[in-house]
Amino acid sequence: MKNPFHVMLIPTLGCPANCEYCWSSDTNSPVMPIETVKEIVEWLKDFRKDDRVTFTFHGGEPLLAGEEFYRKALPLLSEGLNHLNPEFAIQTNLWLMTPEMAKILAEYRVPVGSSIDGPEEINDLQRGKGYYRKTLEGYKTAIENGLSVRFICTFTNQSAKRKEDIFEFFYENGLVMKLHPALPSLRGSDPDKWALPPEEYGELLVYLLDMSLEHLDDMEIMNISDLCRSVFTRRGNVCTFADCMGTTFAIGPDGAVYPCYRFVGMPEYAMGNVHDRPTMKELSESAAWKLMHDFKDYVDSACSECRHIRYCRGGCPYNAIVPCGGKVAGVDPHCPAYKRIYDEITDRMDNEMFSSPPPGMSHFGGMNGDKEIPGVMSLIRKIVMNQ
């Protein structure tokens, strides 16, 4: 179960990698001082008193902050905010993972997210030569020292053409798969160079739905599970498909508070600073907060007739404002992809639940006693049983 309050800590926007499609790194970025972590603790002590919190260290590359930073930051957050029962996560390329760093993170049971885009030749084409090798070296160090690691795979308009090879890479290596489409950015001068078109993204999701069902017992594709769960529960359960304002914040290296990590480093989207101990009311009076709520209002109107509005919510507001110069004038451009996969899941689910099965077939897909590919309801049942 995901915690209701999520704070993303961005120790730095610096990163030693040079991924072709990346928009979130800044070679001149400072590193968050430990004094700012102390200010975060003081700010949050009275900010929310009754919700569990997850802190995710993100970047840039968060391991650039160094071992001493985490040696101090983790106990400060864990002990100073123990009334919020803090949990932790980190997203890193693993290049700077050392045995000592891994032990520090393992002590606080920090799950690790990393990034790899498939086989070495595909990965290094878009993430840079040598990335694959360095990440796998860090992965080995993390695993050997007790950390759990999962990978995000970014699909670009180039790599999506080799989706079968990428799926096989994750499957053959026994890796849980999470995917992310390459996105345009408010920062980029050529935002569409690597971006995955919505129509291609939709077909990719349907392909991965089929693969998820075909390998129901020996492969997990996290996005597909999340999408199916959303349709079944009628509620978005990841930030892309939820009204996240007030429940998710990102804090930059200087203590500035943003609606999301994707805005960090752009002062015009800062809502306040932890050094000033802003209240929820004060944050809600910022221009960035109001922009996010303008998007919510826009979705309520523009998507009112869509059958998926309850668990889609127009997609990601950041994605929506990028093609509009930072203004609210449309929904997430990946809307056709979301509609494609949500329609597919919904139609299959309806057919499985309400069609009368022939003798020997259950409502959860698949013939009794044979190897027919399971249906969507089989995946839903697996999700419910594993919660």
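Arg71 is partly exposed, with a relative accessibility of 35%. In this predicted model, its side chain forms a salt bridge with Glu100, and the closest N and O atoms are 3.2 Å apart. Arg71 belongs to helix 2 and Glu100 to helix 3 (residues 99–107), so the pair ties together parts that are 29 residues apart in sequence. Glu100 is likewise partly exposed, its relative accessible area being 35%.

The pair belongs to a network of salt bridges that links Glu67, Glu68, Arg71, Lys72 and Glu100. Side chains of opposite charge can pair when their charged atoms come close.

## Other salt bridges

Over the whole structure, a search finds 25 salt bridges. One of them joins the side chains of Arg307 and Asp347, at 3.1 Å from N to O. Arg307 is placed in the loop between helix 10 (287–302) and helix 11 (309–312), whereas Asp347 is in helix 13 (residues 335–354); the pair therefore ties together parts that are 40 residues apart in sequence. Arg307 is partly exposed at a relative accessible area of 40%, and Asp347 is partly exposed at 36%.

A further salt bridge is formed by the side chains of Asp165 and Arg162, with an N to O distance of 3.0 Å. Asp165 has a relative accessible area of 37% and is partly exposed; Arg162, at 33% relative accessibility, also counts as partly exposed.

## Strand 7 and its neighbours

Strand 7 (residues 248–251) is covered on both faces: Thr248 and Ala250 on one side, and Phe249 and Ile251 on the other, are all buried. The pairing of strand 7 with strand 1 is parallel and extends over 4 bridges, whereas strand 7 and strand 8 run antiparallel and are joined by 2 bridges.

Ile251 has partners in both neighbouring strands. Leu9 stands opposite Ile251, and in strand 8 the bridge partner of Ile251 is Val257. The hairpin of strand 7 and strand 8 has 4 residues between the strands, and in this hairpin Gly255 takes a positive phi near 95 degrees.

## The surroundings of Val110

Val110 lies in the loop between helix 3 and strand 4 (112–115). With a relative accessible area of 2%, Val110 is buried. Leaving aside residues up to four places away in sequence, Val110 touches Leu74, Phe88, Ala89, Ile90, Leu105 and Leu147.

The C-alpha atom of Val110 is separated by 7.6 Å from that of Glu87, a residue 23 places away along the chain.

## Packing of helix 8 against helix 14

The axes of helix 8 (residues 222–233) and helix 14 (residues 376–386) come within 10 Å and cross at roughly 95 degrees. Angles of 65 to 115 degrees count as roughly perpendicular, and helix 8 and helix 14 are therefore described as roughly perpendicular to each other. In the contact, Ile224, Ser225, Cys228, Arg229 and Phe232 of helix 8 meet Val376, Met377, Leu379, Ile380, Ile383 and Val384 of helix 14. By class, this contact has 9 nonpolar, 1 polar and 1 charged residues.

Ser225, in helix 8, is buried, with a relative accessible area of 8%. Apart from residues up to four places away in sequence, Ser225 touches Glu220, Leu379 and Ile383. On the side of helix 14, the buried residues are Val376, Met377, Ser378, Leu379, Ile380 and Ile383. The cover over the buried residues of helix 14 includes helix 7 (198–214), helix 8 and helix 13.

Technical notes
Residues numbered from 1 in each chain as written. Predicted model: local features only at pLDDT ≥ 70, side-chain atom pairs only at ≥ 80, totals over all residues. Heavy atoms only, no water. Axes fitted to C-alpha atoms, helices over the stretch in contact; angles between N-to-C directions. Parallel < 35°, antiparallel > 145°, perpendicular 65-115°, else oblique. Contact = heavy atoms within 4.5 Å. Nonpolar A, V, L, I, M, F, W, Y, C, P; charged D, E, K, R; others polar. Salt bridge = Lys/Arg side-chain N within 4 Å of Asp/Glu carboxyl O. Buried < 20%, exposed > 50% of the residue type's maximum accessible area, 1.4 Å probe, protein only. Pairing = 2+ DSSP bridges.
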